[in-house]
Amino acid sequence: MTFPDYGSIPLRIEALDAPNMVAYRWGNDDALGAQGALPSEVDEHSTVFTFTLEPVAAGTRLTVVESGFDATTAPLANLEDHRKGWDGELAALVADSSARAADAAEKREERAATRRLAVAEAALARAEEAV
């Protein structure tokens, strides 16, 4: 996985239960990265992040859990750095999801308006024929 202005981070799939869950192990020890020493492969300082999708009444719940910080070179610093990163990534996901929902609602309204216009035009044509 490559991040702009950060570099490549080694990654491997740890578990997969499609379409409900995927877990990755990644070598993103930020304390090492700050020293310009990100590993080229997943090593003993890696953490595991798990995405779980669960159907709920309002749609789908995404749960993100990252674990294994005790194995990193600076557990508390890495935990805080990753929390900030996930906050940003998840906020972007919510914004994108909200924008898509708004676009879908707008398209539904456009289709409904088109149908109402077609019904009104048909009614007007029938009225004109009756006259």
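Trainee: Let's start with Trp 86. Buried or exposed?
Mentor: Trp 86 is buried, because its relative accessible area is 16%. Buried means under 20%, exposed over 50%, and partly exposed in between, with a 1.4 Å probe and protein chains only.

Trainee: Where do these values come from?
Mentor: The model is predicted, so local features need pLDDT of at least 70 and side-chain atom pairs 80 or more, while totals for chains, interfaces and linings use all residues. Residues are numbered from 1 along each chain as its sequence is written, and side-chain values use heavy atoms, leaving out hydrogens and water.

Trainee: How many aromatic pairs are there?
Mentor: The count comes to six. Rings of Phe, Tyr and Trp (its six-membered ring) pair if their centres lie within 6.5 Å. Planes under 30 degrees apart are stacked, over 60 edge-to-face, and the rest tilted.

Trainee: Why is the pair of Trp 26 and Phe 49 edge-to-face?
Mentor: Their planes sit at 65 degrees, so the pair is edge-to-face. The ring centres are 4.8 Å apart.

Trainee: Where do the two sit in the chain?
Mentor: Trp 26 is in strand E4 (residues 21-26) and Phe 49 in strand E5 (residues 47-56).

Trainee: Which residues form the aromatic cluster?
Mentor: Tyr 24, Trp 26, Phe 49, Phe 51 and Trp 86 form one cluster.

Trainee: New topic. What is the order of the elements?
Mentor: From the N terminus, they run β-β-β-β-α-β-β-α. That comes to two helices and six strands. Both are DSSP runs numbered from the N terminus: helices (H or I) have at least four residues, strands (E) at least two.

Trainee: What about the overall dimensions?
Mentor: The C-alpha trace spans about 85 × 30 × 25 Å along its principal axes. The radius of gyration is 25 Å, but a compact globule of 131 residues would have one near 14 Å. That radius is taken over C-alpha atoms, and the globule rule is 2.2 Å times the number of residues to the power 0.38.

Trainee: How much of the protein counts as buried?
Mentor: Of the 131 residues, 18% do.
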